[in-house]
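Please keep the sequence and the model in view while reading.

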Amino acid sequence: MPCYDFRCRSCGATFELSRPMAQANDPAVCPEGHQDTVKLLSTVAVTGAAGAAPQPASGGGCCGGGCCG
(Lines give C-alpha, C1' and ligand atoms only; values in the text may rest on other atoms or scores of the structure.)
Protein backbone atom coordinates (compact mmCIF):
# COMPACT_ATOMS: atom_id res chain seq x y z
CA MET A 1 0.00 0.00 0.00
CA PRO A 2 1.51 3.39 -0.95
CA CYS A 3 2.51 6.00 1.62
CA TYR A 4 1.58 9.66 1.24
CA ASP A 5 3.10 12.66 2.97
CA PHE A 6 0.91 15.38 4.44
CA ARG A 7 1.55 18.70 6.20
CA CYS A 8 -0.71 20.30 8.77
CA ARG A 9 -1.39 23.97 8.10
CA SER A 10 -2.38 24.53 11.74
CA CYS A 11 0.68 23.21 13.58
CA GLY A 12 3.18 22.63 10.73
CA ALA A 13 3.61 18.92 11.47
CA THR A 14 4.59 16.67 8.57
CA PHE A 15 3.29 13.12 8.70
CA GLU A 16 2.89 10.03 6.53
CA LEU A 17 -0.19 7.90 5.93
CA SER A 18 -0.39 4.51 4.26
CA ARG A 19 -3.61 4.18 2.28
CA PRO A 20 -4.95 2.72 -0.98
CA MET A 21 -4.35 4.77 -4.14
CA ALA A 22 -8.12 5.28 -4.47
CA GLN A 23 -7.97 7.28 -1.19
CA ALA A 24 -4.79 9.23 -2.03
CA ASN A 25 -6.57 12.60 -2.19
CA ASP A 26 -8.99 12.03 0.69
CA PRO A 27 -8.73 14.48 3.62
CA ALA A 28 -6.28 13.54 6.36
CA VAL A 29 -6.22 14.49 10.04
CA CYS A 30 -2.81 15.32 11.55
CA PRO A 31 -1.55 13.40 14.60
CA GLU A 32 -2.50 16.42 16.75
CA GLY A 33 -6.11 16.20 15.52
CA HIS A 34 -6.13 19.20 13.17
CA GLN A 35 -8.24 18.94 10.02
CA ASP A 36 -6.46 21.58 7.87
CA THR A 37 -3.89 19.43 6.05
CA VAL A 38 -2.44 19.28 2.55
CA LYS A 39 -0.96 16.36 0.63
CA LEU A 40 2.68 16.96 -0.30
CA LEU A 41 4.21 16.03 -3.62
CA SER A 42 6.39 12.99 -3.25
CA THR A 43 9.52 12.15 -5.17
CA VAL A 44 10.28 8.73 -6.57
CA ALA A 45 13.83 7.59 -7.12
CA VAL A 46 14.53 4.81 -9.58
CA THR A 47 18.00 3.36 -9.26
CA GLY A 48 19.95 0.34 -10.41
CA ALA A 49 21.97 -2.03 -8.29
CA ALA A 50 23.37 -0.51 -5.12
CA GLY A 51 26.69 1.16 -5.80
CA ALA A 52 26.57 0.54 -9.55
CA ALA A 53 27.43 3.55 -11.66
CA PRO A 54 25.28 4.12 -14.76
CA GLN A 55 27.02 3.05 -17.95
CA PRO A 56 26.66 4.96 -21.22
CA ALA A 57 25.10 3.09 -24.11
CA SER A 58 27.59 2.05 -26.76
CA GLY A 59 26.80 1.58 -30.44
CA GLY A 60 27.38 -1.47 -32.61
CA GLY A 61 26.56 -4.08 -30.00
CA CYS A 62 29.90 -3.66 -28.23
CA CYS A 63 29.91 -4.61 -24.58
CA GLY A 64 31.81 -1.44 -23.65
CA GLY A 65 34.48 -3.43 -21.85
CA GLY A 66 37.38 -2.20 -24.00
CA CYS A 67 37.70 -5.46 -25.92
CA CYS A 68 36.31 -4.11 -29.20
CA GLY A 69 39.31 -2.10 -30.42
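Contact means heavy atoms within 4.5 Å. The model is predicted: local features need pLDDT of at least 70, side-chain atom pairs count only at pLDDT 80 or more, and totals for chains, interfaces and linings use all residues. Residues are numbered from 1 along each chain as its sequence is written, and side-chain values use heavy atoms, with hydrogens and water left out.

Apart from its neighbours within four places in sequence, F6 is in contact with A13, T14, F15, L17, R19, A24, D26, A28, V38, K39 and L40. For the chain, among contacts between residues at least 6 apart in sequence, 27% join residues at least 24 apart.

The secondary structure may be considered next. Helices (H or I, at least four residues) and strands (E, at least two) are DSSP runs, numbered from the N terminus. On this basis the chain has zero helices and three strands, which follow one another along the sequence in the pattern β-β-β. Two strands pair if DSSP finds at least two bridges between them. β1 and β2 pair in the antiparallel sense over five bridges, and β1 and β3 likewise pair in the antiparallel sense, over three bridges. R7 illustrates both pairings: R7 stands opposite T14 in β2, and the bridge partner of R7 in β3 is V38. β1 and β2 also form a hairpin with five residues between them, and G12 in the turn has a positive phi of about 85°.

Buried means under 20% relative accessible area, exposed means over 50%, and partly exposed lies in between (1.4 Å probe, protein chains only). In a regular strand the side chains alternate between the two faces of the sheet. Of the 69 residues in the chain, buried residues make up 14%.

A nonpolar core is a set of buried Ala, Val, Leu, Ile, Met, Phe, Trp, Tyr and Cys residues joined through side-chain atoms within 4.5 Å. The largest such core has seven residues: Y4, F6, C8, F15, A24, A28 and C30. Strand β1 (residues 3-8) gives the most to this core, with three residues. In soluble globular proteins, nonpolar side chains tend to be buried together.

Which aromatic rings pair, and in what arrangement? Rings of Phe, Tyr and Trp (its six-membered ring) pair if their centres lie within 6.5 Å; planes under 30 degrees apart count as stacked, over 60 as edge-to-face and the rest as tilted. By this rule the count is one aromatic pair. The ring centres of F6 and F15 are 5.7 Å apart and their planes are at 15°, so the pair is stacked. Both F6 and F15 are buried.

The cysteines call for a separate account. A disulfide is a pair of cysteine sulfur atoms within 2.5 Å, and the count by this rule is zero. C8 is in no disulfide, the nearest cysteine sulfur, that of C11, being 3.6 Å away. The sulfur of C30 has its closest cysteine sulfur in C8, at 3.7 Å, which is too far for a bond. C8 counts as buried because its relative accessibility is 0%, and C30 is buried with a relative accessible area of 3%.

The charged side chains provide one further link. A salt bridge is a side-chain nitrogen of Lys or Arg within 4 Å of a carboxyl oxygen of Asp or Glu. A search of the whole structure finds one salt bridge. In this salt bridge the side chains of D36 and R9 meet at 3.7 Å, N to O. The pair links distant parts of the chain, 27 residues apart, with D36 in the loop between β2 (14-18) and β3 (37-39) and R9 in the loop between β1 and β2. D36 is partly exposed, at a relative accessible area of 35%, while R9 is exposed, at 51%.

The loop between β2 and β3 also holds G33 and P31. G33 counts as partly exposed because its relative accessibility is 43%, whereas P31 is exposed, with a relative accessible area of 64%.
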